[in-house]
Amino acid sequence: MTFKAPDSLAEQIAHYLAERIIRGELRERERIQEQKVTQALNVSRGSVREALLILERRHLIVILPRRGAQVSELTAHHVTSLYALTIDLYAMLARAVIEGWKVETDLAPFIDIQQRLLDSLQRGDIGAFVENSFDVMRAAFPFADNPYLQETLENLLPAISRTYHLALERRKGEMGQFMGTFASLLQAIIGRDHERAREVLQAYGQHNCQLVLATLAER
């Protein structure tokens, strides 16, 4: 039996601020003032400072000497660097699933997520769709059994989520394309085809990266 400790107060504050950044309510280079957050949430300043350190580790803010915390910029270089790394990490996860599944029931979590993604698509619920898409990654973690890979991806997840929201808010039809990509990836996993899985992920990453870059260029 395993137990998951409840999120600390600092984690809860970090999650609240992260959601605002991801959804664009807090914009690039906007300052996050400790005192305002403390008063708005009725929490201690120490907890807010700890939350800001968490957000810095997750690449959503930068903490500058004498200027404090501000929302990190989304530049073309940041986006291309992020996708270059995460697609390679996703390919590692896909390979672990391909090599690790034994019977079809091992893949049941992915089939369940596929249905939840379809439900979110039909409702046009971008937030739920993005969250469900990351559940694919989390369902693969037990196959990899690599805490360093898991920690790296979890820390990158908010930054990735931020780019997904940016792109999908402008082009909601992309949710349908993701469904096609996921279906192709599942076929490659069932067929134990490492190369095909990597090809699917690379094509998806390149496409999504270009979509985000085009969205940035429009702003």
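**Helix packing and cavities**

Modeller: Happy to. The axes of α5 and α6 come within 9 Å and cross at roughly 175°. Keep in mind that this is a predicted model.

Colleague: OK, and how do α5 and α8 cross?

Modeller: Helix α5 covers residues 108-123, and its axis comes within 10 Å of that of α8, with a crossing of roughly 165°. That makes α5 roughly antiparallel to α8.

Colleague: Is that crossing left-handed or right-handed?

Modeller: The α5 and α8 crossing is left-handed.

Colleague: What meets what there?

Modeller: From α5 you have Phe-110, Ile-111, Gln-114, Leu-117, Leu-118 and Leu-121. They meet Met-175, Gly-176, Phe-178, Met-179, Phe-182, Ala-183 and Leu-186 of α8. This contact of α5 with α8 has 11 nonpolar, 2 polar and no charged residues.

Colleague: Nice. Switching topic: how many cavities of 30 Å³ or more are there?

Modeller: The count comes to 2.

Colleague: What lines the largest one?

Modeller: The largest cavity has 19 lining residues, with Tyr-90, Val-136, Met-137, Leu-185 and Leu-201 lying nearest its centre. Two or more lining residues come from each of α4 (76-100), α6 (126-144), α8 (174-190) and α9 (194-218).

Colleague: Which helix gives the largest share of that lining?

Modeller: That's α8, with 6 residues. By class, the lining of the largest cavity has 17 nonpolar, 2 polar and no charged residues.

Colleague: And which residues lie nearest the centre of the second largest cavity?

Modeller: Leu-168, Glu-174, Phe-178, Tyr-204 and Asn-208, out of 13 residues that line the second largest cavity. At least two lining residues each come from α6, α7 (147-170), α8 and α9.

Colleague: What's the class breakdown for the second largest cavity?

Modeller: Its lining has 7 nonpolar, 5 polar and 1 charged residues. Phe-178 turns up in two places: by the centre of this cavity and in the contact of α8 with α5.

Terms used: Residues numbered from 1 in each chain as written. Predicted model: local features only at pLDDT ≥ 70, side-chain atom pairs only at ≥ 80, totals over all residues. Heavy atoms only, no water. 1 Å grid on protein atoms, 1.4 Å probe; cavity = no way out; pocket = protein on both sides within 12 Å on 5 of 7 lines; lining within 4 Å. Points joined across faces, edges and corners; volume = space filled by probe spheres on them. Helix = DSSP H or I, 4+ residues; strand = E, 2+ residues; numbered from the N terminus. Nonpolar A, V, L, I, M, F, W, Y, C, P; charged D, E, K, R; others polar. Axes fitted to C-alpha atoms, helices over the stretch in contact; angles between N-to-C directions. Parallel < 35°, antiparallel > 145°, perpendicular 65-115°, else oblique. Left-handed = near helix turned anticlockwise from the far one by under 90°. Contact = heavy atoms within 4.5 Å.
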